[in-house]
Amino acid sequence: MLEILQPDGSLAGEAPFSVDETKRLYAAMVSARTYDTKGTALQKQGRLATYASFEGQEAAQVGGVSALRADDWVVATYRDAAAMWMQGYPWANLFLGRTGDERGGSPPEGVNVLPPSITVGAHMIHAVGLAWGENHLGRDRVAMTFFGDGATSEGDFHEAMNFAGVFHTPVVFLCQNNQYAISTPRHRQTASETIAQKADAYGMPGLQVDGNDLFAVGAAAAEAVTRARAGGGPTLIEAVTFRVGPHTTADDPGRYRDESEEVEWRQRDPIDRVRRYLEAAGEWTAEWNAQLEAAASAEIEVAIGQAEALEPLGPGEIFDAMFETKTPQLDRQRGILMGGPDE
Amino acid sequence: MAQAMTAALDHVLAIDPAAVLLGEDVGLSGGVFRVTDGLQAKHGVERVIDTPVAESGIVGAAFGMAVAGLHPVAEIQFLGFAYPAFDQVVSHVSRIRNRSQHRFTAPLVIRIPYGAGIGAAEHHSESTEALFAHTPGLKVVIPSTPADAAGLLITAVADPDPVVFLEPIRSYRRVRGEVAEPPTSVPFGEAAVRRPGTDLTLISYGAMMPDVLDAADQLAAEGVEAEVIDLRTLVPLDLETVLESVSGTGRVVIVQEGHRTCGFAAELAASIQEHALYSLEAPVARVTGWDTVVPLRRAEHQYVPSVARIMAAAQAAMAGV
């Protein structure tokens, strides 16, 4: 397992980022944690539908996307808000989706991030197709897809990995092995020793990294993205991490795991260790951190305000995005919903 | 019909640089039914792509390609083999436009041979078009003539939304007809009146059309002039043409090869009675496959609607029962 930044903030290898870049990524992780904390709180206030926390997985997501170019694709899940946001998907869209509004799925033009996949596993092959399509169109964009250990049990994981291997598509599979799929532990998903070793069967490199280590994830992602863009084909990265929170706000981890696990993993918090690293280098102060948190909080409050200010879809608007042009059947049904006769 | 489709795909590959074909055995071998015969040699392995045996992967990859800007035409070998890809179709292909409120779209075509009649193994004779018609966000096309197969296919590739294109297996070689070169596109949502008539309306599509036209000829010999409507596309549905005919004849027989319960004929019968009840002189009749697994070769004839069954239903409708 690749480890560079130790929990105490010391280095066990070469840092892949400059101090300035490290500070930028640290700030991104602070923003992500702020969003996540507010997401859980808003759900408890009844302002969001369910919320799926990614606390503890910030380095895996921020580190992964740090290797991408602005026009690369991210194809991710309901637990990957940090990755999506890093690639340009606005916080306001993410909140809007969580309030239960389809318009959350519509990021600005130029942001190549699909709305989050809610079903598990079917989206990885989409990244393969996107990367393949871009390549076919003569563009050197790469697609990075995020998924969990649970998704590797789905048949579509096999088909996605197999297609990527056979067609050598410029795609990076980034598995956040966070040890639990709701209540099902990692050892019930697969008898493989590691998830990374599954790459062997598909003829692609597999890298296992400490997923709570921003530097390890960043270095592995950079290697994979560089290879993909150069025509070297796909890579599977297993970022070993832990879902510190519940599956969603509707879940109670006390039913299936011991709290000591959470306590232990909190000692390996991905943000704390970057803070210790920067502090040792004289680049972190409590004042700067407070500024970051305040700025993130303000930015995210604005996003919440934008999401909540939007009126729900208007009467009959649920019919408007089924096709480019509504069929006569949809027109008729819309008329009935609007109170007209069925004719 | 198969040759007309080959010509249409050849034409599409020639005029649309974003078009690609992918599927099992579509390249070197030209597809199970030879619909893509010769196209890889002509247009290259990058555009006519032999894939692994993985239906979900084929449709899922085509989805990604379409979102990226290509116009993929995916082939699944038989409708009975499409079910592994059904999750991709129902959960993603049909939904991305709505999920993203038009921001991302998946303009792909999924070509699937369907229907009984070649006496192959289990899973090779399905006619479950209703599953797709029931799924919001899909267009569902079922041609019955070579010119329509070619023309609707050209429209399907140019369509901005996903299209499930069901090809009647027993018509591939059996149904012949003139096709323009290059083929003329045929619009979606316009049923064809294959035969004018004033006494009875026969409605069908796809693989059943030759038998329905045979039945209409036999009815004419008995002095009953049946109007025959070929729906051509189930989604969008040209209900107008149907209602216009029904208001003139007052008697309807709908013929479908698919299973009876919740089949497309049920939807059509419901729509007809909703909109034209007072024109009806007899109950809307259905001639369908049964709610059984499609029988294997030796008993298949018990399942597929026959000319005799269509005749019997038509005669009952004429008698008002």
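**Questions on the model**

Visitor: How many bridges join E3(B) to E4(B)?
Guide: E3(B) and E4(B) run parallel. Such strands (E, at least two residues), like helices (H or I, at least four), are DSSP runs numbered from the N terminus, and two strands pair if DSSP finds at least two bridges between them. Between E3(B) and E4(B) the number of bridges is 3.

Visitor: What pLDDT do local features need in this predicted model?
Guide: Residues are numbered from 1 along each chain as its sequence is written, while chains are lettered from A and ligands numbered from 1 in the order in which they are written. In this predicted model, totals for chains, interfaces and linings use all residues, side-chain atom pairs count only at pLDDT 80 or more, and local features need pLDDT of at least 70.

Visitor: Which residue of E4(B) is the bridge partner of B:Ala74?
Guide: Strands of a sheet pair through backbone hydrogen bonds, in a parallel or an antiparallel sense. For B:Ala74 the bridge partner in E4(B) is B:Ile110.

Visitor: Which residue of E3(B) stands opposite B:Leu21?
Guide: Strand E1 (residues 19-23) of chain B pairs with E3(B) in the parallel sense, over 5 bridges. In E3(B), the residue opposite B:Leu21 is B:Val73.

Visitor: How many residues of strand E3 of chain B are buried?
Guide: A residue is buried if 20 or more other C-beta atoms, placed from the backbone, lie within 10 Å of its own, exposed if 12 or fewer do, and partly exposed in between. B:His71, B:Val73 and B:Glu75 point one way from E3(B), B:Pro72 and B:Ala74 point the other way, and all are buried. Strand E3 (residues 71-75) is mostly covered, and the buried count is 5 of 5.

Visitor: Which strands stand at the edges of the sheet in chain B?
Guide: The open sheet has 7 strands in the order E2-E1-E3-E4-E6-E5-E10 (chain B), with mixed pairing. Two of them have a single partner strand each, so one side of each is left without a neighbour in the sheet: E2 (48-50) and E10 (233-235).

Visitor: What arc do the buried residues of helix H9 of chain B cover?
Guide: In helix H9 (residues 239-249) of chain B, the buried residues are B:Leu239, B:Thr241, B:Val242, B:Ser245, B:Val246 and B:Thr249. They are on the same side of H9(B), because the arc they cover around the axis is only 160°. That arc is taken over the directions from the helix axis to the C-beta atoms, and here its value is 160°.

Visitor: Which glycine follows H9(B)?
Guide: Most residues other than glycine have a negative phi. The residue after H9(B) is a glycine with a positive phi, near 75°, namely B:Gly250.

Visitor: What is omega for the peptide bond from B:Glu181 to B:Pro182?
Guide: B:Pro182 lies in the loop between E6 and E7 of chain B. The bond from B:Glu181 is cis, with omega near -5°.

Visitor: Which residue does a cis peptide bond join to B:Val235?
Guide: The residue lies in the loop between E10 and H9 of chain B. Omega of the bond is about -5°, and the partner of B:Val235 is B:Pro236.

Visitor: Is B:Arg232 buried or exposed?
Guide: B:Arg232 lies in the loop between E9 and E10 of chain B, and its phi is positive, near 65°, although it is not a glycine. With 25 other C-beta atoms within 10 Å, B:Arg232 is buried.

Visitor: Why does A:Gln179 count as partly exposed?
Guide: A:Gln179 lies in the loop between strand E3 (171-177) and strand E4 (180-181) of chain A. Phi of A:Gln179 is positive, about 80°, though the residue is not a glycine. A:Gln179 counts as partly exposed because its C-beta neighbours inside 10 Å number 19.

Visitor: How far apart do the C-alpha centres of the two domains of chain B lie?
Guide: Chain B is divided into domain 1 (2-171) and domain 2 (192-318), with bounds from an automatic or database domain assignment. The distance between their C-alpha centres is 27 Å.

Visitor: How many residues does the contact take from domain 2 of chain B?
Guide: Two residues are in contact if their C-beta atoms, placed from the backbone, lie within 7 Å. Domain 1 of chain B gives 25 residues to the contact, and domain 2 of chain B gives 22.
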